[in-house]
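Me: Please take a close look at one part of this model for me. Which elements pack together there, and how do they sit against each other?

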Amino acid sequence: MSLNLGWIKPEEYSFNSLLLMERFQLGYALGREKPEFRQALGIALGGNPTVAWYIKHRCPEYAATVDKLVASAPKVVSADQLRQAEIYILASMEDFVIYTTPHKMVMGCDFIRGWDSQRLFDLAGFEGKTVLDIGAGSGRLTFAVAEKAAMVYAVEPVGTLREFMRDEIARLGIDNIRVTDGFVMALPFPDATFDIVMSGHVVGDHIDEELAEIERVTKPGGWMLNVPGDSEFDIGPWEELTARGFEEIHYVGSFGKDVHIHRKRK
Ligand SMILES: C[S@@+](CC[C@H](N)C(=O)[O-])C[C@H]1O[C@@H](n2cnc3c(N)ncnc32)[C@H](O)[C@@H]1O
């Protein structure tokens, strides 16, 4: 969960946005230890019993935490204090919040709107290949590659983003993209399935386990790619990947900031 990415104006979002989130996302929020976050969450959930009910039933492992947060929050707060607490939580979860509005994500996220797909095509030959995009999001990499590849599989754990991609596939009449649920550490495919496995802004939390799973589904001789988009902030270099045998390619992106992308052959 990230902060200060500048992707949303939190005051434009309802606290009901949490009703559109997945169990794993709510779990991240409920597991945060920062005292200010926990107090604001207690106030916000106390003022939004439907959201509290949803979290308790979607994430039963956190039901007691929800009750405790609400019980320990100040009992009487004004409407303004409640809204301030809601906005604090929404801002603290801005990546997950923008995933609830994929159309705004496409416009609002620097890595999507500033990116040139030629950066990806320069990394490997996609013609006729079977490709996997992990954590596909709104489909930045998936839709670009579908113009060249035989088939693209887009794995994405957030339902609102899967629906966005499926709506786009139908609207554009694309017949070589398949969208499915899944996580980078448990990809729903057999060993050695793909010629190319790519992701952007996804790996990093558990790098060795993630790379092992990526390598598992890549065919011998296939490519593993890390392709973030251009950002208003510098991206990389990333020693954790180069230390594990990835080639690092640098360019200056459309916002004038450094971007580092990576590839490795299995
Ligand atoms: C910042 S977005 C990037 C989206 C897309 N890869 C791109 O670069 O345009 C991160 C994406 O990773 C997904 N994600 C988060 N945790 C994940 C996990 N453990 N496994 C796979 N995808 C994950 C999110 O739902 C989100 O769609």
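Reply: **A helix pair, then the sheet**

Arg38, Leu41, Gly42, Leu45 and Gly46 in helix 2 meet Val66, Leu69, Val70 and Ser72 in helix 4. Contact here means that two C-beta atoms, placed from the backbone, lie within 7 Å. Helices (H or I, at least four residues) and strands (E, at least two) are DSSP runs, numbered from the N terminus. By class, this contact has 5 nonpolar, 3 polar and 1 charged residues. Nonpolar covers Ala, Val, Leu, Ile, Met, Phe, Trp, Tyr, Cys and Pro; charged covers Asp, Glu, Lys and Arg; the others, Gly among them, are polar.

This is a predicted model: local features need pLDDT of at least 70, side-chain atom pairs count only at pLDDT 80 or more, and totals for chains, interfaces and linings use all residues. Residues are numbered from 1 along each chain as its sequence is written.

Now the geometry. The axes of helix 2 (residues 35-46) and helix 4 (residues 63-72) come within 7 Å and cross at roughly 90 degrees. Axes are lines fitted to C-alpha atoms, for helices over the stretch in contact; angles run from 0 to 180 degrees between N-to-C directions. The two helices are therefore roughly perpendicular. That term covers 65 to 115 degrees; under 35 is roughly parallel, over 145 roughly antiparallel, and the rest oblique.

7 strands form an open, mixed sheet in the order 3-2-1-4-5-7-6. Strands pair if DSSP finds at least two bridges between them. Strand 3 (177-180) and strand 6 (247-252) are the edges, each pairing on one side only. Neighbouring strands are turned by 20 degrees against each other on average, direction ignored.

Follow strand 5 (residues 218-226). Strand 5 pairs with strand 4 (residues 194-199) in the parallel sense over 5 bridges. In that pair, serine 199 stands opposite asparagine 226. Helix 12 (residues 207-217) packs on the sheet, touching strand 1 (130-134), strand 4 and strand 5. The direction of helix 12 makes about 135 degrees with that of strand 5.

Strand 5 also pairs with strand 7 (residues 258-265), antiparallel, over 4 bridges. Leucine 225 stands opposite arginine 263 in strand 7. Strand 7 pairs with strand 6 as well, antiparallel, over 6 bridges. Here tyrosine 251 stands opposite valine 259. The hairpin of strand 6 and strand 7 has 5 residues between the strands, and glycine 256 takes a positive phi near 80 degrees.
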